[in-house]
Structures are given as C-alpha cells and as structure tokens.
Amino acid sequence: MDTLLVLPLLLPLLIAALTMGLRRWTFWQAMLTLGNTAALLAIGIVLVVVVWREEVVATQVADWPAPFGITLVADMFSALMVLLAGIVAFCAAIYSAATIRLRRAAFGYYPLFNILLMGVMGAFLTGDLFNLFVWFEVMLISSFVLLGLGGTRGQMEGAIKYVSINLVSSVLFLTGVGLIYGIAGTLNMADLSLRLAEVEETGLVVTVSMLFLVAFGVKAAVFPLFAWLPASYHTPPLAVTALFAGLLTKVGVYALIRVFSLLFADNNDFTQTLLIWIAGFTMVTGVLGAAAQNEFRRILSFHIISQIGYMVMGLAFFTPLGYAAAIYFIAHNMFAKTGLFIIAGLSHRLLGSYELKRLGGIVRMSPELTVLFFICAFSLAGLPPLAGFFGKFALARAGFEAEHYVIVAVSLGVGFFTLYSMTKIWGEAFWKPFPGEVPQDLQERRRSPRMLVMAIPAVIFAALSIAAGVAAGPVFELMERAGEQLADPSGYIIAVLGEDAQ
Amino acid sequence: METLLAFVIGGLYAAGIFLMLRRALARVVLGLAILTNAANLLIFTAAGLTRGEPPLIGSGEEALTEPYADPLPQALVLTAIVIGFGVLAFAMVLIYRAYRVVGSEDTDRLTTTDRTPEAD
C-alpha cells in the first residue's frame, strides 16, 4: 500500500533524472517519458481498484506519525484524479514524441514534463497543506519553463503574465497556510478538519478560506482571475498546451474541492453564495470570450474557463451528488478538451494554420479528423450519448436537488453558446471550402507516419468520451463514491489519524 | 514585538502589491521579492514568537518543558525561502529575456498575444 502511494512521486522523479542525463538522445528521452506515463496510468488504475475495495488508503512518509509527519493519502477523488492525469499525460507524451523538435528536447523538455507530472501527482496525493504548496510550486516552476522554452515573443509575453499572476497566487496560498497554522496549530488536512470545527472565531476561518479561494481560483482560472489563461495557453507548442489544458487548471479545481469540502465545509452560507456567483460568471464570461475569438486554440482556451465554471458549480452545492457531478465533469472535460486541442494540432499539421480564416475543407480532405472533431466537440457541447451530456445532466440534477434553479438555468444556457462556438469551428475549419490553393503534398502529409502517431491521442480521447457516456452508469458509481467520501470526511480522517481520532 | 512585526508585514505586503501594480517589469519582480518575504515573515509571526527558548530537551529531562519556540514554522519558512529564491531567480531571467525579445520592459507593450492577428 505504501509503495502504491509513493510510486507516482518517485517514478517521475527517477525518469526526470534519467532523461536529464540523456541530453541529446531525445528518442530515448521520449521513450522513457512514454514508459513513465504508461506506468502512471497503470498505477492510477490499481489505485482506483484498491480505493474502491478499501475506502481510503493513507501512508505516513518515513513513519513519522500523523499529524507530525507528512501524510500521503488517497480517497476515491485523489485516486480518480491520479488515473485521469495518467491518461492525459500518456496522450500528451505520445503527441510530444511525434512533434517536439530536437532542439527543444535537448533543452530539457522531457525532464520538465516529468517533473511537472511529479508536482501534479504530489498535489493529488498529499494530505498536508504545506506539502500541497510545495507540490504546487514544483508543478508551477516546471510549467513556467515549459511555457517559455523556445523564447518567441508570444511565449515571453504569455509567460510574464502567467508567471507573475501565479506567483501572487502562491504568495496568497502561503499567507493562508501561515494564518491557518496560527489559528489551528497544525497543517495536516485531516487534523485541520477536526480543529477548525472547534475554532470559536469563525470569521477568522472564513477570512482564511477566502485567501485559499483566491489562491486556488487563480490556478483554476475562475472569474475574475482568469486573464492569464487565454493570454498564455496558445503561445507554446501544442503538446504543451494540451498538457496544460488537461492538467493544470484541474489541479486548481482539485485543491478548491479538497480544501472546501474538508476544511471549510461548516457554516458556509457566505462561501456557497460566493461560489455560485463565481461559477455562473466563469461559465458566461468564458463562453462569451470564446464567441469573440477566431483562432482555434484561443476559442478552446476560453472554453477551458467556461468549463471550470461547471466544476465550481458542482462544488458550490456542497452535496455528495454535486461533488460527484463535478468530478465526472472534470473527467469529461479532460477527455473532450485535450482531445480538441490535439485535433487543432492535427489540422495545423495538415493545413499550416490555427486561424479559422485560413482553414477550411477538412471535411473533404480528412474524413477521419472530421469524425474525431465531431465526437469531441459534441461531447463538449453536451449532446447525448457522449460524456458531456451526462456531466451536465448530473450537475443539473444536483442543482435541482439543492434547489439552486438559477445556476442550473445559466449552465444550460451556456451549453447552447458552447454549441455555437463548436459550430463556428465546424463551419469555418471543416465545412467551408479551403481558401486558396490546396497544398500539393496534402494527402502524403495526411498519411505520413508522424500524422498517424499524432492522431493516436485524439482517437483515445474520442473513444473515452464515448465510453464515459455509454457506460455513464458504472463510471458515475465511482464518482458517487468519491462524492460521498468528500461529503463525509470521517473515513478520510480515520485513515490518516487512526481510529481514535476525535 | 508581535504587534510591531504585524505592522511591518502589513507594510511589506502593501509595498509589494504596489510595486506589482506598476508598469515596469523590474518593479514587478521587486514587488514579488518583497511579497514573498512578507509571507515568510507572516508564517514566522503567526505561529507566535518565543525568544531565547530553543526547542531542546535539557540534559536529564525526558520531554520538552514550556515555554519553547515552535520549530515547525522555522522549517516551513526555510522551505518557503528556498522556493521563493528559485522562483525569483527564474522571474529575473524571464524578464531579462522578455526585455531582449520585446525591446521594452513596459507591461503595456506586452499585448500582442491578446490581439487577434488580422488574417489578410
């Protein structure tokens, strides 16, 4: 059990060190990274199975008893996130192996990729608030370098915005950690969950919770803290964008859900109202921002924001079904959104542009790409029987049960705008005739081995979008288990602190 | 002592945020440095200050006796300082690179990625 929780951290570290040593042998770097991500995916599956059988598993690093040592803990939510991150990382590694050029790889692309994964896995598995901060920093600093690696003007500008606002959010996170230690005298999340409930000055606790809301809100890109995302996500190579889109904001959402369900779930009327407003505005501004864009990746970047709103909405209900719906939505979004980014990369490979005006006619040039886009786009817009439909359906049901009708109405309305954006991409990039001369070597390029490898992740994501929709019942059972554990953290607390925890 | 430090920390946060709101990138980085250090001081102070009482078990004793300084915040601050240092070093290199590429350190000039390029 202990090994299972430590492996997702040690393995990427080891592979990062190895890839660092390989320097110019980029092929082997890529292969090692692929092996690493495949192993993480396998560990994720095993972890989900183990957690399904044994509820919550925890281990104390170096045998220092909790709450004094560092705790690694996996409930269903953590296990699912590890699995999902494994899937996204595996697909991003395939795409990287096909597209990352020698020069970029020689400057440390793969070591950074692996360190980023270590940070993400650490954030999912840690049971300690300060440790969460450290894993966030591990993840952020490697994402900074990945974003800036290459040094084009766009990347520099994007990186400056991304770095400065994320560092401010880290400082706020650290401030929150300091204050919460001052209030409760512990940083172990299970211990904090017990201690914070006994604190008499509840105003102080709510204040600290707002610091966390802003800090994680920046990382999750919620309204009004999202400006860095559309300014930076489209600047690096697409492999990096796809990895970031699939993982980074979701780590922010994970931290929001974890902290607000475990630490600040009591007397939360104020927080709940605020979260619902944030969710609504995030959805609406994201989708409207997307409607104003004419570049494939920028449209998708704004849609990330819009979809984060749905996840926050699931959290805001503070019910088991709400949590479950939010987690299902995270999974669906990882599949559909990362898939769409990779499809954007494929059409760029085919026609040499991300601008909708310079794209066109993909329907006739590449039917297989059309099918992939169709599946991912309609899943994102929420059409049955794809995963997106069930995600929205579960959220709407959770909303009705919690009697928050307005936000449900808003979320359904936003769905139509999402469909509008997707039909815009459809009409411009796929349906209309290609403007200008069709490149001579188009069919060669379409059938080239590189293109086929690049298409594998898109196929995987499309298949997962269908599978998670068709098998929504069994899949949602996992999410429901996670939701129940989040709503009633006693199992989590006992797993960390032992049976005699008060 | 704690009251004094509280004011110092408040002042540092204010100065840091003020600098980060300026347009010159060098000031943004300076503001960041001040903010990080303010947060470190805050962790140190929030846990309570105890002078001259190291958390050491005296010879012939079995356990710690009150009062003693809490060692955990010091460990946290040490970690935070190291992380802050690394991040700051990166931020400085980044603004230098950006200055070389863009040719300006005015944040108002960093807007090319926000505009949709004209497709002509």
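A cavity here is a set of points, on a 1 Å grid over the protein atoms alone, where a 1.4 Å probe fits but cannot get out. Grid points are joined across faces, edges and corners, and a volume is the space filled by probe spheres set on the points. With that in hand, welcome to this predicted model, in which local features need pLDDT of at least 70 and side-chain atom pairs count only at pLDDT 80 or more, while totals for chains, interfaces and linings use all residues. Residues are numbered from 1 along each chain as its sequence is written, chains are lettered from A in the order in which they are written, and side-chain values use heavy atoms, leaving out hydrogens and water.

Let us start with how the chains meet. Counting heavy atoms within 4.5 Å as contact, 37 residues of chain A touch 39 residues of chain B. Between them the two chains bury about 3,200 Å², 75% of it on carbon and sulfur atoms; buried area is the accessible area (1.4 Å probe) that two parts lose on being put together, summed over both. On the chain A side, Arg153(A), Ile160(A) and Tyr181(A) lose the most area to chain B, together 19% of what that side buries.

Helices are DSSP runs (H or I, at least four residues), numbered from the N terminus. The elements of chain A that give two or more residues to the side touching chain B are α6 and α7, and α7(A) gives the most, with 18 residues.

A search of the whole structure finds four cavities of 30 Å³ or more. Two or more lining residues come from each of α6 (129-148) and α7 (153-184) of chain A, and from α2 (25-46) and α3 (71-102) of chain B. The largest share, five residues, belongs to α3(B).

The second largest cavity has a volume of about 90 Å³. Its lining includes Ile160(A), Ser164(A) and Leu167(A), along with Met20(B), Leu32(B) and Ile95(B). Here α7 of chain A and α2 and α3 of chain B each supply at least two lining residues.

Notes. On a 1 Å grid over the protein atoms alone, a cavity is a set of points where a 1.4 Å probe fits but cannot get out, and a pocket is an open set with protein on both sides within 12 Å along at least five of seven lines; lining residues have an atom within 4 Å of a point.
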